Amino acid sequence: MIRLQRLLTAKKQRVVALAMIGSLAVHPALAEDSVATESAFSKSRLWASEIRDYAAKSLNKDDALSVAAIPLNGPGIEQYVNADQLMSPGSIMKLVTTYAALELLGPTHHWNTDFLTDGQMIGDTLKGNLYVQFGGDPKLTHERLWSTLRELRDMGINRIEGDLVLDGSYFRVDGGFPVFEDNGSNPYAPFLVEPSGYLTNLNLLHFQVRADERGTQAWTTPNLSEISIDNRVTAVPEGPCPSRRQFTWQPVFHDDQRVTVRVSGELPQGCRTTSYLSLLPQDRYSASTVRSVLSELGIIVSGGDRFAKAPETARLVMRTTSPDLVTMVRDINKWSSNVMARQMLLTIGAELRNEEEQDDRVAGIRAIYEWLEGKGINTAGMVIDNGAGLTRHGRITARQGAQILLHAWNSRYASDLMASMPIIAMDGTMARRLRNTGMEGEGRIKTGYLEDVRSIAGFARDDNNTTWAVIGMVNNDPAWNGGAVLDRVLHSLHFQPPVGTSLSQSGPATSSVQ
């Protein structure tokens, strides 16, 4: 009986295949299946063809768009458009770094920053040096520094008779990092901050100006001795608060390592304007920040600032421990933090480096390649470079990206990765995209943006409640309308998914459109 069923099934498959090319008249029951199969195949080709044609008209180029889409938990036919073409991915490369970190370091990984001393506490004085031993924390904030250093005051210490010594030796860096030339006019922008063993508070200064009946007041957080503000903002009568673009922030660097920031514009009473700038090297910024916090707490440091490794005999006084890696991954992907992603790559390298490796960026990239290849993913041509996508050298194909997303979907930490990704039309870098289209909340998509590059990658749900792994990249000069093309991919995948019956139910990779 079983053998007879197999024969009938095989015969039915042969009849359907012949019917699809119009070579044979078939029984009505089989003909119905063949029509559905042919319809599914045609619909698959139609979806890819429409996307390809739309992109060609919008971008004036046939190969500017690369797309791969794979159904994960329901009916659908895999879709590929220029999927084996190496493309510049932009910030969607952060998904590779953060997914790798979840599996290689674990979701509960933490970073410690230790405060040590080689001296003694006598009365209200610490007689000795205070060492800050950094542990590569991607987000050691000003607030955490303040709450930790306050413990010194709570211990009754209000004077340190010694030096402030910063130890940033956790990372090995050989020769620095590949340079990214800013396409804009602001080399001090937050997205350009490089990773560092000394990284504190993302190396940023938060400038604010507020207007009231007294005029305008300007200040910065943290309040560092090297930074001063030349406030040229004038207060005007009450009115609509202007955008930040109407203000000019111009840093002036002095020979004594001090920086004056000149700000100008007009500000109505009751309004404020803000800006974030990175103006100091990471080691200098961190030393000045720690010293500033100690001063606010009423603790005087009599010595100077030094940068050296803490001695083995130094004793632990205090420690601040970061939130877990899952929290860091969420910050990286929701808001596309370049420096945090690059710090994450260095951490992978520092934790998994071989003894002979002297550069944690290189070690981290090597570890990720080995991890991907262990999953059976072809990494040929892939270039990770810095883990954040802030590079002109990074490369990946849509097929490679989709395969990585497919493995992520089946990972033990799938929910942690997905929760970190912006929700369509709701938050993060997707908050303003596809609004009022009926797609609010219908996917979690990481975005990428560089000059001449637009990209998306993540998980999107169609109208049949099937979730798709989807990746799309536009490399074009210019790519200003690439975001609209990629939104069209997501919109079409949601409302007109390439879903069939016979073909889609026969397993993955039964029909692909290249």
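In this predicted model, Pro 222 sits in the loop that runs between strand S10 (215-221) and strand S11 (227-236).

The protein contains 12 helices and 20 strands. Of its 514 residues, 53% are buried. The accessible surface comes to about 23200 Å², and carbon and sulfur atoms account for 48% of that surface. Among contacts between residues at least 6 apart in sequence, 71% join residues that are at least 24 apart.

Asn 60 is not a glycine, yet its phi is positive, at about 55°. This asparagine lies in the loop between H2 and S1, and it counts as exposed because its relative accessible area is 68%, with exposed meaning over 50%. Asn 203 likewise is a residue other than glycine with a positive phi, here about 60°. Its loop connects strand S8 (164-167) and strand S9 (205-212). Is Asn 203 buried or exposed? With a relative accessible area of 2%, Asn 203 is buried, since buried means under 20%.

The loop that holds Asn 60, between H2 and S1, also holds Asp 62; here helix H2 covers residues 28-59 and strand S1 covers residues 65-71. Asp 62 has a relative accessibility of 62% and so counts as exposed. Together with Glu 50, Asp 53 and Asp 63, Asp 62 forms a patch of negative charge on the surface.

A contrasting aspartate is Asp 385, placed in the loop between helix H8 (360-374) and helix H9 (398-409). Its relative accessible area is 9%, so Asp 385 is buried. Which residues touch Asp 385, leaving aside those up to four places away in sequence? They are Pro 178, Leu 345, Arg 361, Ile 365, Thr 391, His 393 and Gly 394. Arg 395 lies 10 residues from Asp 385 in sequence, and the C-alpha atoms of the two are 8.7 Å apart in space.

Just after H6 comes Ser 336, which takes a positive phi of about 55°.

The last part of the picture concerns charged side chains. Side chains of opposite charge can pair when their charged atoms come close. In this model the count is 23 salt bridges. One of them is formed by the side chains of Arg 319 and Asp 114, at 2.6 Å from N to O. This pair links distant parts of the chain, as Arg 319 is in strand S17 (residues 315-321) and Asp 114 is in strand S3 (residues 112-117), 205 residues apart. Arg 319 is partly exposed, at 42% relative accessible area, whereas Asp 114 is buried, at 10%.

Another salt bridge joins Arg 262 to Asp 230, with the closest N and O atoms 3.4 Å apart. Here too the pair links distant parts of the chain: Arg 262 lies in strand S13 (residues 259-268) and Asp 230 in strand S11, 32 residues apart. Arg 262 is partly exposed, at 31% relative accessibility, and Asp 230 is also partly exposed, with a relative accessible area of 22%.

A salt bridge can also be found within a helix, where the side chains of Arg 150 and Asp 154 meet at 3.9 Å, N to O. Because these two are 4 residues apart in helix H4 (residues 142-154), about one helical turn separates them. Arg 150 is partly exposed, at 33% relative accessible area, while Asp 154 is exposed, at 56%. Finally, a network of salt bridges links Glu 226, Arg 284, Arg 291 and Asp 305.

Conventions
Residues are numbered from 1 along each chain as its sequence is written. This is a predicted model: local features need pLDDT of at least 70, side-chain atom pairs count only at pLDDT 80 or more; totals for chains, interfaces and linings use all residues. Side-chain values use heavy atoms; hydrogens and water are left out. Buried means under 20% relative accessible area, exposed over 50%, partly exposed in between (1.4 Å probe, protein chains only). Contact means heavy atoms within 4.5 Å. Accessible areas come from the Shrake-Rupley method with a 1.4 Å probe; for residues, only the protein chains shown count as cover. Patches are made of residues with over 30% relative accessible area and no salt bridge: like charges are joined within 9 Å, nonpolar side chains (Val, Leu, Ile, Met, Phe, Trp, Tyr) within 5 Å. A salt bridge is a side-chain nitrogen of Lys or Arg within 4 Å of a carboxyl oxygen of Asp or Glu. Lys and Arg count as positive and Asp and Glu as negative; His and the chain ends are not counted. The place of a charge is taken as NZ of Lys, CZ of Arg, CG of Asp or CD of Glu.
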